[in-house]
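Dear colleague,

Please find below the structure that I am handing over to you. My notes on it follow directly after.

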Amino acid sequence: MVERRAELTPDAAMIVDDQDEVLTFAGYRDAALRAAAGLAALGVGPGVTVSWQLPTWPSTLVLQAALARLGAVQNPIIPVYRGREVGFCIHQTGARLFLAPSVWRGFDFQAMAEEIAAEAHDLSVVVCDDELPEGDASALDRIPVPDDPEEIRWLYYTSGTTSDPKGARHCDASVMASGIAMVERQRITADDKFGLAFPFAHIGGVSNLSVSLSSGCTLVIAEAFDPSETTALFARHDVTLVGGGPAFFMAFLAEQRKQPGRSILPRLRLFSGGGAPMPASQHYEVQAEIGGRGCGHAWGMTEAPIIAQNTPDDSDEKLAETEGRPLAGAEIKVIGFDGAPAGVGAEGELWIRGPMVCRGYMDEELTAAAFEDGWFQTGDVGFLDAEGYVTLTGRVKDIIIRKGENISATEIEDLLFAHPKVADAGVIGLPDEQRGERVCAVVELASGANGLTLAEVGEHFRASGTMPQKIPEQIEIVSSLPRNATGKVLKHELRARFGG
């Protein structure tokens, strides 16, 4: 795809960054080949696993293509992960090389990387501050171009119902399928300028890379999302599409409300994204206040970047209240709570299959539990209407989706249990306009404990080395947690009590 696009539109802008620097499609190809040669000199080649945890820089996008050219197995790690999660990913993947920035946004990634490397076997660290190792591209002549689209070369981690992150095993075919299908579904052309408002290390990053290579559109990227600065960047470059999720779209609405009557994104035609439930009102608010068609919401996950998506041609009702129809090649079926297939409009767990679905997990036990006869059991609850549009209504899995990130309630509970003031805890996600969901910890105090503050909990979590997104944002103290006859905490009662 990289070579073909560079031949078709070599001088067209592929990437524009927040310094207004432009990289063309031919420039992207050439930079990727030089980086591939530089990485090859460090021992990277076919089958070698490389973990990387980098911000959304042009060099990050170049790195994806460079590693793809070498046939390496790449493990992108989102920047919010900390030592606990990063160490787990590197250990499970057996990474030989770890690329990270020095200090970024106040956090010393280099120190964390070196600490992990000191405990890992045969792991080298390369510090990259928007630059990559480079070499002479002619050195690649001895390295064959990968030709098997089904070979596992992408390992993406997501937090779910388990305490440790789950590694989804992807191949070129699966990471490209959603992006290529999205071009047709959302009518994306070379004239579009696609603003990316989320970390490129998400699986949505490579999906949007596929969108650009397939359609010839320009990606306008922000190193880190800042509502004011990112809005200005997108407006400066006449962005027509914005990728992200409901939390990001809410932030853009907040910026719009600072200057009512004049659109902050005058050329916007569609907000395009997913990752978390979207309130129906958001579509109408975006349409009325910012402009364009509103929100073309989608349903996806790390295991399947996009499985269903709306189109600008859909009615306002469909755009506001559904996640769209399955993309090309994708299938969705609903399994009722009785275990039998559910009919039109009937609620149940959503099962999926298609070219964009991962080929399993790093942990084979997780694979066996999640797949049945080729169908992936998503754990999401919803229904299909007569026209095939999917609507999400809840989740079977005990996870919290905060700003598009899956957070395991079980893991947070385990960390809370380790606090000396906590006797027991139940963690729930509560609706939050800014975050999608916020982390609420409902706690029984240990005997003799005199209260528990958010500051104390935050200090405890940071000391554990976990990512900041998992730190509870609300603490509720109760004398006893509600339980059923088997002792399971009744979280629906907690949500009803504290959700207001």
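Three strands form an open sheet in the order E25-E26-E27, and their pairing is mixed; two strands count as paired if DSSP finds at least two bridges between them. Helices (H or I, at least four residues) and strands (E, at least two) are DSSP runs, numbered from the N terminus. The edges of this sheet are strand E25 (422–432) and strand E27 (474–477), each of which pairs on one side only. From one strand to the next, the twist averages 25 degrees. E25 pairs with strand E26 (residues 436–445) in the antiparallel sense, over 10 bridges. Within this pairing, Asp424 stands opposite Glu444 in E26. Helix H15 (residues 491–498) lies across E25, E26 and E27 and runs at about 60 degrees to E25. Here a contact means heavy atoms within 4.5 Å. Axes are lines fitted to C-alpha atoms, for helices over the stretch in contact, and angles run from 0 to 180 degrees between N-to-C directions.

Please note that this is a predicted model, in which local features need pLDDT of at least 70 and side-chain atom pairs count only at pLDDT 80 or more, while totals for chains, interfaces and linings use all residues. Residues are numbered from 1 along each chain as its sequence is written, and side-chain values use heavy atoms, with hydrogens and water left out.

A further open sheet has 9 strands in the order E2-E1-E12-E11-E13-E14-E15-E16-E17, again with mixed pairing. Strand E13 (residues 241–244) and strand E14 (residues 270–273) run in the parallel sense and pair over 4 bridges. Leu241 has Leu270 in E14 as its bridge partner, and Gly243 has Ser272.

In a regular strand, side chains alternate between the two faces of the sheet. Both faces of E14 are covered, with Leu270 and Ser272 buried on one side and Phe271 and Gly273 buried on the other. Buried means under 20% relative accessible area, exposed over 50%, and partly exposed in between (1.4 Å probe, protein chains only).

Helix H3 (residues 58–70) lies across strand E1 (13–16), E2 and strand E12 (218–221), at about 130 degrees to E12. Helix H8 (residues 227–236) also packs on the sheet, where it touches strand E11 (193–196), E12 and E13, and its direction makes about 155 degrees with that of E12.

Two packed helices are described by the angle between their axes and the distance between the axes. Helix H13 (residues 409–417) packs with helix H14 (residues 454–464) at an angle of about 105 degrees, with the axes 10 Å apart. H13 is therefore roughly perpendicular to H14 (angles under 35 degrees count as roughly parallel, over 145 as roughly antiparallel, 65 to 115 as roughly perpendicular and the rest as oblique). Ile412, Leu415 and Leu416 of H13 make the contact with Val457, His460, Phe461 and Ser464 of H14.

Some individual residues also deserve a note. Arg5 lies in helix H1 (residues 2–8) and counts as buried because its relative accessible area is 8%. Leaving aside residues up to four places away in sequence, Arg5 touches Pro10, Phe25, Ser212, Leu213, Ser214, Ser215 and Gly216. Arg5 and Ser212 are 207 residues apart in sequence, and their C-alpha atoms are 9.0 Å apart in space.

Thr378 is located in strand E21 (residues 375–384) and is buried, because its relative accessibility is 2%. A polar atom of the Thr378 side chain lies 2.6 Å from the backbone oxygen of Leu350.

Most residues other than glycine have a negative phi. Arg105, in the loop between strand E6 (103–104) and strand E7 (107–108), has a positive phi near 55 degrees. Arg105 is exposed, at 61% relative accessibility. Arg187 also has a positive phi, of about 55 degrees, although it is not a glycine. Arg187 is found in the loop between helix H6 (172–185) and E11, and it is partly exposed, with a relative accessible area of 43%.

Yours sincerely

Note on methods: Polar contact = N/O pair within 3.5 Å; in protein donor to acceptor, adjacent residues only side chain to side chain.
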